[in-house]
Structure formats: structure tokens, C-alpha cells
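Here's a quick briefing to read alongside the model. Have the sequence and the coordinates open.

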Amino acid sequence: MEFNGVLAKAVREGISREESLFLLREVKTVDRFLKLFRAASRVRENEVGAAFKFDGFIGAITPCTTSPPCMYCGRSARPELFSDVLTSSEAALGAQLIEATGTRRVEVGGGTLWTGADNLVLEAVRAVRKASNLEVWVNVGPCLSTRALEELRNLGVTEVCSSLETINEKVFREVKPGDNFYARMEFAKTIKGVGLKLNSVMMVGIGSSHEDYVNHIFWLKEVGVDHFCITGFNPIPGTPLETRMPAASYEVAKVVAVSRLVLRKADIGVGGIMNDPQLLPLAVMAGANRAIHLGAHVHRLGRWAQRYKCIEVKQFKNLEFVNLLPLTVRVVREMGMRAEESIEEKLRVSE
């Protein structure tokens, strides 16, 4: 294969498994990174446009009962922090705070409650929908019944997440020994089967190979993913993986770019180590068009540390509201994109 020829084909029509693997392996110089990013940005502009989507987040609405906890998760270091879930009134307040920023959609998220989370999730979603006009999507793992998914659809929920982190079953079992690989794969298919959009996540840096990344991307293409978040492993002190090297931001960006060349019309976002406004330009260059934890965030007090003094932070008893939009919207503007108009309007009023 010839590098420039593969990229030219990618811009025109997409790439195959073999070409995707070729790009992941062969992009090792500044010149090739720039060419890859240029191609991914062209595809994003052609297929999804110049608006960068900033989602809000409300959580946690469900506890996690995965046992043992995932080895990279903060729950494996401090499990007591992950049992105190938000009430429906707190979720409603969170929705109002987030909507006031101009944000159009919100993730309502929590841990995987393996005995079933139907009632908790439906209660939280009803509260958010009643308190706001936000689009809602749900991320609680494969603990929702088909009936609950259908009811969420009827409540106006737009998408539901089934996150694998890795398509490599061996790696999955090593880092997620209490989780269920096949339940997550089947849940993804069920989400699509009831007429909801599918959100899914890949984590770079937990032991997957380039071949695994490609297999994961093409499995999601086959299932019909609508929103794909590529996260980078970020070691948390006190967890079993605390001494493992973090994912390299450039490796995450390379996977983002190849994903954009394959999943052309999907929303593609970043997370994990990439939840840093200083790394947002790299995500934009790589073809991303969406982020969850770089916008407005509502959570229990002290659960979401931010180093920046220029952002908005408010406390409501045991609830914290963090708004990064004044910083992150500026970043995407200076990278040649823009936030959605509703967010831009709110910021223009406050500037």
C-alpha cells in the first residue's frame, strides 16, 4: 500500500480493515500525523459539518455492583464514593443548570446495577425530561430490560450506551474481571433493535493491539454505532492499574482519526486522559466532533476535580455544578469549529 494513496481513498470513500491497520501502524512521524489529521478533518467537515457538540452530564444515578470492580475504575480504590447516587430532584436541578448554559443534550449516567436498573433510570429520566427540554441519553451498562429501553424511547431518549472498552475478550477479562463481555455486545444489538441510537466506548492503553482497535471499529460499523467515544487510559492512584503507563494522547488521536475515516457520519468523541481542555485541539485535528466531560457537569461534591480558575463552579448542598464551556468553546473556535448555536448564544450574552 502507498500512504498518500490510502489517505486520498479515505477522503473519497472510506477505508478497509487492512487500510485502517496500515494507517495505525505507519503513522509514526509528524508529517504523517498531519496528513492523517488533515484527511480525518476533511471527512468530518464533509460528513457531519463544523459544529462541535458539547454534551452535559448528570450522575451518578445508579450504583455499580460489578464485582470485582473494573481494575482501572476509581471504585476499586474507594468503593464508598460510588454508592451515593443522585435523587430525582437533584437530577432535575442538574438538568436546569445544564440547560441554562445552552447545552442541548445530556448524559444521564451511572454504574452497572446487575440486578436491574430499570426503575432508577426511568425515574431519573422522567425527572430530567420534566424539568428541561434537554435531549437525554443513558449510560448505565447492560442492566436495562428491553421493556425499559422501549419506555426510554417513548420518553424521548435519543441514545443508549453499551461500552466494551475493548473487543479483545482476553484483555476485557483481565481488566474487567467482574463484567460480562457478551452481555455488553448483546445489549448493543438490543439498543439498535428497539430503535434507539447506539453509543459505545473504546479505551486505548489497556492492552489492546492495533488489530484489536480495527476489529472494534469495524464491529461497531457492522452493528451501526451512532456515537463513538475513544477514551485514553488514565491511571488512578489506589487502583490495581495505578502503576501502568497512561495512554499516549497521540495514540488516542490516531485511533480517533482512523475511526473518523471508517465511521464517517457517526459522532466521534474523546474521554479518559483526553478529558483535558489542553488536549481538545488534538481531538479536533483528529476528526472528533463531540465531547461529554468538557462541557457542563453535575455530580456529587468533590467528585470532579478541575484545575482551571476561569471555569464556572457552583455548589448546591452536596451537589456540584462545573461548567467548562467558557474555556472549551474558545478552544474549538480557535481550531476553526464552533459550538452549537444555542451554546454560542448563551456565551455571547455573558461575554
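Leaving aside neighbours within four places in sequence, which residues is Leu-261 in contact with? They are Leu-7, Ala-10, Gly-14, Ile-15, Leu-23, Leu-36, Ala-39, Ala-40 and Val-43, where contact means heavy atoms within 4.5 Å. This is a predicted model, where local features need pLDDT of at least 70, side-chain atom pairs count only at pLDDT 80 or more, and totals for chains, interfaces and linings use all residues. Numbering runs from 1 along each chain as its sequence is written, and side-chain values use heavy atoms, with hydrogens and water left out.

**Cores**
- A nonpolar core is a set of buried Ala, Val, Leu, Ile, Met, Phe, Trp, Tyr and Cys residues joined through side-chain atoms within 4.5 Å; buried means under 20% relative accessible area, exposed over 50%, and partly exposed in between (1.4 Å probe, protein chains only).
- The largest core has 116 residues, and Leu-23, Phe-54, Leu-144 and Leu-261 touch the most other members.
- Helix 10 (residues 249-262) gives the most to this core, with 8 residues; helices (H or I, at least four residues) and strands (E, at least two) are DSSP runs, numbered from the N terminus.
- A second, separate core has 6 residues, including Phe-57 and Trp-137.

**Helix 4**
- The buried residues of helix 4 include Glu-90, Gly-94 and Leu-97.
- Among the elements that its buried residues pack against are strand 3 (105-109) and helix 5 (118-131).

**Ser-342**
- Ser-342 sits in helix 13 (residues 341-350) and counts as partly exposed because its relative accessibility is 23%.
- Its C-alpha atom is 4.8 Å from that of Gly-102, 240 residues apart along the chain.
- Leaving aside neighbours within four places in sequence, Ser-342 is in contact with Gly-102 and Arg-104.
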